[in-house]
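Visitor: I am new to this structure and would be grateful for a close look at a single part. Might you guide me through the sheet and what lies around it?

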Amino acid sequence: MVDKNAEVASQGILDNVIIRQLRKEDLPALEWDGEFKHFHNLYADTYERMVRGLTIMWVAELPEKGIIGQVFLQLICDRPELADGWQRAYLFSFRIRPEYRNLGLGTKIVNVLENYLLEKRFTRLTLNVGKDNPDAVRLYKRLGFQVVAEEPGVWSYIDDRGNWQTVREPSWRMEKLLRNNNRFI
Ligand SMILES: CC(C)(COP(=O)(O)OP(=O)(O)OC[C@H]1O[C@@H](n2cnc3c(N)ncnc32)[C@H](O)[C@@H]1OP(=O)(O)O)[C@@H](O)C(=O)NCCC(=O)NCCS
């Protein structure tokens, strides 16, 4: 049975949420009250890349509540099959606060990114998604992404205590061909 009240509430959130580029003062909110403080340096480095025009950090903000989601967009990196600066851009660090999931917010954020990229004449959006994350894979497939490769998903970062940490997350690389008004660019 469809819960009408829940539907109305989720529509209210979708209507009121602001999806915008991150400002420096938003950085602490990405740490989610400590849950993601180990990414403190990583977020600071990503912000430096944003200042240099290489990456764009996006946030979803709900008035009165604050930052409820984030996604980063790498425009160029040392792996052109992911992001090459003119055709392909790479979506990563996509996360919505649990209480705001499954309301259509993730879909709305991806749409904002796609429109931004189309304006910049990019033609493909790529991402890596963990093989153990079938919900996200299903969402991306519904949004028109296809699996194009496998990725070992091994990467490292320096945590907030200055220690190297290595993440191992075997992933699918997915890609979407961006279209404008149903026409290929
Ligand atoms: C992945 C993630 C960002 C998606 O965000 P989201 O806001 O939940 O995404 P949506 O609500 O647009 O879509 C999720 C599902 O809800 C459904 N949905 C959309 N609007 C809905 C609504 N009004 N009511 C109920 N369900 C709805 C969608 O159809 C979708 O279902 P599907 O997966 O079967 O296609 C979020 O789940 C998340 O933060 N996950 C944890 C981190 C993560 O895994 N990130 C991805 C790394 S690659």
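Guide: In this predicted model, β1 and strand β2, which covers residues 55–62, run antiparallel and are joined by four bridges. In general, the strands of a sheet pair through backbone hydrogen bonds, in either a parallel or an antiparallel manner.

This pair belongs to an open sheet of seven strands, in the order β1-β2-β3-β4-β5-β9-β6, and the pairing is mixed. The edges are formed by β1 (18–21) and β6 (146–151); each has a single partner strand, so one side of each is left without a neighbour in the sheet. From one strand to the next, the twist averages 30°.

Helices also pack on the sheet. α3 touches β1, β2, β3 (66–74), β4 and β5, and the direction of α3 makes about 40° with that of β3. α4 touches β5 and β9 (171–177), and its direction makes about 160° with that of β5.

β4 (88–96), α3 (105–119), β5 (124–130) and α4 (134–142) each supply at least two residues of the shell around the ligand. The largest share, five residues, comes from α4. There are 19 residues around the ligand, of which R101, G104, L105, G106 and T107 come nearest. By class, the shell consists of eight nonpolar, six polar and five charged residues.

Key:
Residues numbered from 1 in each chain as written. Predicted model: local features only at pLDDT ≥ 70, side-chain atom pairs only at ≥ 80, totals over all residues. Near = placed C-beta within 6 Å. Nonpolar A, V, L, I, M, F, W, Y, C, P; charged D, E, K, R; others polar. Pairing = 2+ DSSP bridges. Axes fitted to C-alpha atoms, helices over the stretch in contact; angles between N-to-C directions. Contact = placed C-beta atoms within 7 Å.
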